[in-house]
Amino acid sequence: MVATTAVNALDEVVETVSNLIRFDTSNTGELATTKGEAECARWVQAQLDEVGYESVYVESGQPGRGNVFATLPGADSGRGKLLVHGHLDVVPAEPADWSVHPFSGAVENGYVWGRGAVDMKDMCGIMLALARQLKSSGTVPPRDIVFAFLADEEAGGTWGSHWLVEHRPDLFDGISEAVGEVGGFSLTVDTPSGDKKRLYLVETAEKSMCWMRITAKARAGHGSFVHEDNAVTLLSEAVARLGRHRFPLVLTDAVREFLHALDLESTIDIDVDSPDLEGQLAKIGGISRIVGATLRDTANPTMLRAGYKANVIPQTAEAVIDCRVLPDRQEAFERELDEVLGPDIEREWITKLEPYETSFDGALVDAMNDAILAHDPDGRTVPYMLSGGTDAKAFAKLGIRCFGFAPLQLPEELDFAALFHGVDERVPVESLKFGTRVFEHFLLHS
């Protein structure tokens, strides 16, 4: 049944985010233990169909990997469509570590609490509430808007966005631009005039996501003998070298533009020629962990595996390394990687997703800035690079221009970066309402 009265997104958004969090869509990276995506996607589909959408539900290559697409027709069908995308899966959470149950969706002390509150069921809730409002009110945006709610982003999108791009490119026909995570959040700075100003960071670039397995091989033997050639030792030494290695400092265009905006708009003085640029960035607070990771390539050991019995020297030992590489740096990165690892270590890529970069200009960027200014006259959008990866990597393969813009006006004291994949993940209620107002303005003027 189609809803007969118009939906008000501001009235729905908090409850919608809370409801989305209640679906445990934990993505472990393994099909057997990943759950909830289909159930959550079907609920989203029902919410869309209730107001008149003819939504499309697609399982992307594996049972239960649910994705939902819905299109709101615009006034100018000749223009490129706008893709608005969010992922429904989340990283796992251990309830014993949390102040509230991570899948309770509790609304307490001015926050919506739970796994996914900022990554990224907050934006999914804003998307869904606005999609319902615009359809139920008969609103016609300037161009077609495609709303996409996706699976498997937290494991690299193999069974989500990348599968859809490869096997269902028809779902993206006519799309020229896209907005998704992680951007649009505010950073409060002091201005030279003594006032406060908020910079809203729009993602225009992201590093690659390359997960690598390294292997050391040697002769197996008895644990009581003397062994000069031990696979565990060889691997451990290589992992330690790589874990302590620092790749060279590289300032990309997106990072330079962000630092220039800081210099122009705030009292924060950052010396870009400093050998301790990461230390300089500490002046901007918790967000420095995200920005600081975009100053150089990184290779962080995350998993180790070797042996099967205490008194047996194993023949092989393995480690997994999470590599994030800046645009145009892959070849140089791999040369340096081989030098650090040494000749006794074999390596192979488990996952290799390219970096992405676009310029901070054009009508869509203007629409983002105008939407911010309409609801925060002291705000300004600035570009930045994300140290992680998003579904934009998949859509970029189709020539779609991608940005991260999920607007949130955040309390100055909130350590936003620490909430991503963190314990007690939460999003301010007022930030959700601000984001809803801004995103509505953006969609109606883009």
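This is a predicted model: local features need pLDDT of at least 70, side-chain atom pairs count only at pLDDT 80 or more; totals for chains, interfaces and linings use all residues.
Q: In which helix does A394 lie, and with which residues is A394 in contact?

A: Helices (H or I, at least four residues) and strands (E, at least two) are DSSP runs numbered from the N terminus, and contact means heavy atoms within 4.5 Å. A394 belongs to helix 11, residues 392-396, and, when neighbours within four places in sequence are left aside, A394 is in contact with S161, H162 and V165.

Q: Which residue's side chain does S161 join through a polar contact?

A: A polar contact is a pair of N or O atoms within 3.5 Å; within protein, one must be able to donate a hydrogen and the other to accept it, and residues adjacent in sequence count only if both atoms are side-chain atoms. The side chain of S161 makes such a contact, of 2.7 Å, with the side chain of D391. S161 is found in helix 4, residues 161-167, and counts as buried because its relative accessibility is 0%. Beyond residues up to four places away in sequence, S161 touches L150, A151, D391, A394 and F395.

Q: What does the side chain of T16 reach?

A: The side chain of T16 reaches the backbone oxygen of E12 at 2.8 Å. T16 sits in helix 1, residues 9-22, and is counted as buried because its relative accessibility is 7%. Not counting residues up to four places away in sequence, T16 touches W43, G125 and L128.

Q: How many residues does helix 9 have, and how far does helix 9 reach from its first C-alpha to its last?

A: The expected span of a helix is 1.5 Å times one less than its number of residues. Helix 9, residues 330-341, has 12 residues and reaches 16 Å, close to the 16 Å expected. Its buried residues are Q330, F333, E334, E336, L337, V340 and L341.

Q: Against which elements do the buried residues of helix 9 pack?

A: They pack against strand 10 (209-217), helix 5 (231-244), strand 12 (298-306), strand 14 (316-324) and strand 15 (345-353). After helix 9 comes G342, which has a positive phi near 90 degrees.

Q: What is the volume of the largest pocket, and how many residues line the largest pocket?

A: Rolling a probe the size of a water molecule over the atoms shows where empty space is left. On a 1 Å grid over the protein atoms alone, a cavity is a set of points where a 1.4 Å probe fits but cannot get out, whereas a pocket is an open set with protein on both sides within 12 Å along at least five of seven lines, and lining residues have an atom within 4 Å of a point. Grid points are joined across faces, edges and corners, and a volume is the space filled by probe spheres set on the points. The largest pocket has a volume of about 1,400 Å³ and is lined by 48 residues, of which E154, M209, W211, D322 and R324 lie nearest its centre. Strand 12 gives the most to this lining, with 6 residues.

Q: How many cavities of 30 Å³ or more does the structure hold?

A: The structure holds 2 such cavities, and about 80 Å³ of space lies in the largest cavity. Among the residues that line the largest cavity are M120, E181 and V182.

Q: Where are peptide bonds cis in this region, at M120 and at V182?

A: The bond from D119 to M120 is cis, with omega near -10 degrees, and M120 lies in the loop between strand 5 (111-113) and helix 3 (121-136). The bond joining E181 and V182 is also cis, with omega about -20 degrees, and V182 is in the loop between strand 7 (175-180) and strand 8 (185-190).

How values were computed: Residues are numbered from 1 along each chain as its sequence is written. Side-chain values use heavy atoms; hydrogens and water are left out. Buried means under 20% relative accessible area, exposed over 50%, partly exposed in between (1.4 Å probe, protein chains only).
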